[in-house]
Amino acid sequence: MTVAPQQLTDAITELGLDGRAVMVHASLRSFGTRVEADALLDAFLARGCTVLVPAFTEPQFGVAPPPGMRPARNAVDYDAPSGPDTDAIYDVACGVVNDGMGALPARLVRRAGARRGDHPLNSFAALGPRADDLARVQTPADVYAPIRALADEDGAVLLIGVGLDRMTALHHAEERAGRRLLVRWARRPDGAVGTVETGSCSDGFPRLEPRLGPLARTTTVGASRWRAFPVRAALDAAEAAMTDDPEITRCAAEGCARCADAIAGGPVAMN
C-alpha cells in the first residue's frame, strides 16, 4: 500500500482545511506505509494552509528549580533529585526539538520560511503564509498565544493517527477554565534562570471525547484516521466540560501529581 501526494491534498480539501491555519499532530507511522514529513508539509502548503506544530524542548533547555522559585501545588517533588539542568539558552533559530514530538515538528523547524515562537520549553513553530502571525506572537510569558492566534484565524486542529491526548490546544482550555499553568524553569537570554508556564498531564484528555467528538470531521488516508476540529468550538466545549466537571481530565495513573495539582487549580502564587 502506498499513499500518493494527491491522496494527502484530497484529504485536506475533504476536511475543509484549504487556505486555513491548521495545528497538526501527526503519527507518520499511522499511514501503514512510508510517508515523509516533507510530503505531508508540501500537501498542506499546496492547499494554501499554514501548519502550526508544537516544537517542545523541555529536556534540552529546562533547568532545576532554584530556591525562591518553587511554588506549591506545582507537580514537582522539590525534595527529589533534580530533573533536567543545563547552561544552554534557547534561541528561535536553534533547530532543536525534543525527539518525543515526532518527525513532523523536527522537519518543519528546518524548512525555509519556518517561524518559531520564543518560549524556551514549549515553543510552537509554523510554516506557510500566516506563519509569522501564529508563531511570533509567543513569548516566554505567554506560552499559548499561538493557540489564541489560531482561534482568531478560525483555524483547526488536525489529529493524524493520534488521539485527544496529543491535542496541545486543550491545555489552553484548562487555562480558560481557571487552572493556573504549571511552572518550570529555563535560562533567559542573559543566562539568569527564570520561570515559564507549561501544560499539565494530557493523558486524560480522551475523556473529553463525548464533548469534542461531535465537532470533528473525519477521513482516512491509507491506514491513517484524520480528525479535524474547529479550534474555537473545541476550546469552548473543552472549557465548559472542565468547568462542569474538573475531574473529567484526570488520567488513569494512580497518584498523578500533574493531574491532581492542575485540577486543584494549579500552582499557588508565590509572594
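1. Arg73 counts as partly exposed, at 30% relative accessibility. The model is predicted, so read this as a computed value. The place of Arg73 is in the loop between helix 3 and helix 4 (103–108).

2. The backbone of Arg73 deserves a look. Phi is positive there, at about 55°, although Arg73 is not a glycine. Most residues other than glycine have a negative phi.

3. Ala75 is found in the loop between helix 3 and helix 4. Its phi is positive, about 55°, and Ala75 is not a glycine either. Is Ala75 buried or exposed? Ala75 is buried, because its relative accessible area of 18% falls under the 20% cut-off.

4. Now the largest pocket. About 520 Å³ of space lies in it. Its lining counts 27 residues, and the closest to the pocket centre are Phe56, Met101, Thr168, His171 and Ser202.

5. Which elements supply at least two residues each of the lining of the largest pocket? They are strand 1 (21–26) and helix 3 (58–61). Strand 1 gives the largest share of that lining, with three residues.

6. One is the loop between helix 3 and helix 4, where Arg73 and Ala75 lie. The other is the largest pocket, with Phe56 and His171 among the residues closest to its centre.

Methods
Residues numbered from 1 in each chain as written. Predicted model: local features only at pLDDT ≥ 70, side-chain atom pairs only at ≥ 80, totals over all residues. Heavy atoms only, no water. 1 Å grid on protein atoms, 1.4 Å probe; cavity = no way out; pocket = protein on both sides within 12 Å on 5 of 7 lines; lining within 4 Å. Points joined across faces, edges and corners; volume = space filled by probe spheres on them. Helix = DSSP H or I, 4+ residues; strand = E, 2+ residues; numbered from the N terminus. Buried < 20%, exposed > 50% of the residue type's maximum accessible area, 1.4 Å probe, protein only.
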